[in-house]
Amino acid sequence: MKAIRVHAFGGPEVLKLEDIADPKAGPGDVVVRVRAAGVNPVDAYMHTGTYARKPPLPYTPGFDGAGDVESAGADVKGFAKGDRVYIAGPGNTISGAGTYAERAICIPSQLHRLPARTSYAQGAALGVPYCTAYRALFQRARAVAGETVLVHGATGGVGIATVELAHARGLTVIGTGGTDAGLAAVREHGADVVVSHRAVNYADDIMRATGGRGADVIIEMAAHINLDRDLSMLARFGRIVVVGNRGKTEIDARGAMGRDAAILGMTLFNVTDAEFVEIHAGLIAGLANGTLNPVAGREMPLAEAARAHTTVMEPGALGKIVLTV
Ligand code: NAP
């Protein structure tokens with residue numbers, strides 16, 4: 001089968017398209033014919049070899065994907081040949097056999113039904129981004145209907161997911177982005193107010209949009225740039241969830257003190273199995289009732305994985321980058 005393989009850590013050029021043997025599945029495994037694979041920033045961090053988690057070399061990248069069940073082992077219950085599924089969960093990449101391939105071996109807990117109305121590309125946009133968004137909003141910030149959330153970096157994979165989930169739950173949503181096209185998508189997917197984070201005084205727009213109160217919850221994609229300013233845009237008893245961070249920053253902790261504010265970290269690697277059950281139940285309900293419509297803004301063939309990894313680290317996000325397989 002065709003697969004992207006990484007034999008040595010380095011820049012995007014280490015991602016090579018190769019012909020390798022089909023994976024061998026055990027009795028508890030499901031073989032998925034992957035049709036689309038989601039590209040996440042974490043995939044781009046991992047091939048450098050500097051990320052906290054290192055897969056064994058050589059490895060095939062990719063946490064997320066969608067496709068059809070090709071075969072299910074004798075011990076597998078609940079999945080059969082032909083089922084449309086999305087793949088989510090760290091199993092593949094950590095074991096070195098990710099979704100950037102024609103076939104992926106999965107354990108049943110990594111697989112979830114893909115409704116007929118959801119395309120494979122949309123299915124590949126679900127795993128890391130939507131689980132992160134759900135985790136940040138509801139399990140870390142405990143956001144509830146009637147509150148206001150600032151999605152700081154709303155145009156990318158996690159951002160659009162956060163906007164959709166918050167809108168569906170009855171929050172007022174403010175989303176930021178760096179391009180007109182990105183902001184148009186954010187508005188279309190449920191934001192009540194959109195603001196460019198490239199404008200000099202955009203914090204003033206956000207304060208105006210909240211009637212001077214600030215946001216109850218901030219989901220932050222670039223804490224190394226924004227954390228101190230976030231404190232000035234936060235309501236009393238507000239919560240900031242640090243989702244993305246690429247360096248050190250300085251904050252005035254008085255901004256947290258005066259508001260009884262909480263700065264909460266999160267990583268998807270800490271989510272328990274029981275919490276994932278809650279998350280996917282929420283996502284599947286949202287896909288079925290039409291409130292969740294993932295955006296696969298850029299589709300590229302599998303052979304262009306290296307270009308996709310360069311693009312995912314550049315500004316100008318438009319939902320997910322997806323590799324078609
Ligand atoms: P993505 O699709 O590449 O999107 C990046 C987002 O960051 C875009 O909306 C981008 O907006 C925005 N951004 C750029 N400059 C910004 C600024 N100065 N202020 C606010 N936002 C800014 O990435 P993603 O998949 O959504 O992930 C977002 C971040 O979260 C990444 O750093 C990723 O590594 C991290 N992440 C963490 C976890 C976790 O478990 N903690 C899970 C998933 C992702 P424009 O391009 O429109 O400027």
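Where is P58 found? Select P58: it is in the loop between α1 and β4. Helices (H or I, at least four residues) and strands (E, at least two) are DSSP runs, numbered from the N terminus.

**Before going on**

This is a predicted model, in which local features need pLDDT of at least 70 and side-chain atom pairs count only at pLDDT 80 or more, while totals for chains, interfaces and linings use all residues. Residues are numbered from 1 along each chain as its sequence is written, and side-chain values use heavy atoms, with hydrogens and water left out.

**Stop 1**

Show the peptide bond from L57 to P58. This bond is cis, and its omega is near -10 degrees. Most peptide bonds are trans.

Now select T60. T60 belongs to the loop between α1 and β4 (64-72). Is T60 buried or exposed? T60 is buried, at a relative accessible area of 4%. Buried means under 20% relative accessible area, exposed over 50%, and partly exposed in between (1.4 Å probe, protein chains only). The T60 side chain reaches the backbone oxygen of I4 at 3.2 Å. A polar contact is a pair of N or O atoms within 3.5 Å; within protein, one must be able to donate a hydrogen and the other to accept it, and residues adjacent in sequence count only if both atoms are side-chain atoms.

**Stop 2: the whole fold**

Zoom out. The protein has 11 helices and 15 strands. Along the principal axes, its C-alpha atoms fill a box of roughly 60 × 40 × 35 Å. The radius of gyration is 20 Å, which agrees with the value near 20 Å for a compact globule of 325 residues. That radius is taken over C-alpha atoms, and the globule rule is 2.2 Å times the number of residues to the power 0.38. Of the 325 residues, 53% are buried.

**Stop 3: the ligand**

Center on the ligand. How many residues surround the ligand? There are 27, and the closest are Y45, T155, H197, N226 and G316. A residue counts as near a molecule if one of its heavy atoms lies within 4 Å of it.

Color this shell by class. It has 13 nonpolar, 13 polar and 1 charged residues. Here Ala, Val, Leu, Ile, Met, Phe, Trp, Tyr, Cys and Pro count as nonpolar, Asp, Glu, Lys and Arg as charged, and the others, Gly among them, as polar.

Next, color by domain. Domain 1 (2-126 + 294-324) and domain 2 (129-268) each give at least three residues to the shell. The bounds come from an automatic or database domain assignment. Four helices each supply at least two shell residues: α1 (41-46), α4 (127-140), α5 (157-169) and α8 (223-232).

A ligand nitrogen is 2.8 Å from an N or O atom in the side chain of N226. A ligand oxygen is 2.8 Å from a polar backbone atom of G316. For V312, a polar backbone atom is 3.4 Å from an oxygen atom of the ligand. The protein covers 86% of the 920 Å² of accessible area that the ligand has on its own. Accessible areas come from the Shrake-Rupley method with a 1.4 Å probe; for residues, only the protein chains shown count as cover.

**Stop 4**

Select α4. The rest of the structure largely encloses this helix, because 13 of its 14 residues are buried. Just after α4, R142 takes a positive phi of about 55 degrees.

Move to α8 and pick H224, which lies in this helix. H224 is partly exposed, with a relative accessible area of 23%. Draw a line to A101. The two C-alpha atoms are 34 Å apart, and the residues are 123 apart in sequence.

**Stop 5: positive phi**

Most residues other than glycine have a negative phi. Select F237, in strand β12 (residues 234-242). Its phi is positive, near 65 degrees. Then select D260, in the loop between α9 (254-257) and β13 (262-265). D260 is not a glycine, yet its phi is positive, about 50 degrees. At 52% relative accessibility, D260 is exposed.

**Stop 6**

Pick E18, in strand β2 (residues 16-19). E18 is partly exposed, at 24% relative accessibility. V6 is 12 residues from E18 along the chain, and their C-alpha atoms are separated by 9.9 Å.

Finish on S71, in strand β4. S71 is partly exposed, with a relative accessible area of 35%. From S71 to D83 is 12 residues in sequence and 9.6 Å in space, C-alpha to C-alpha.
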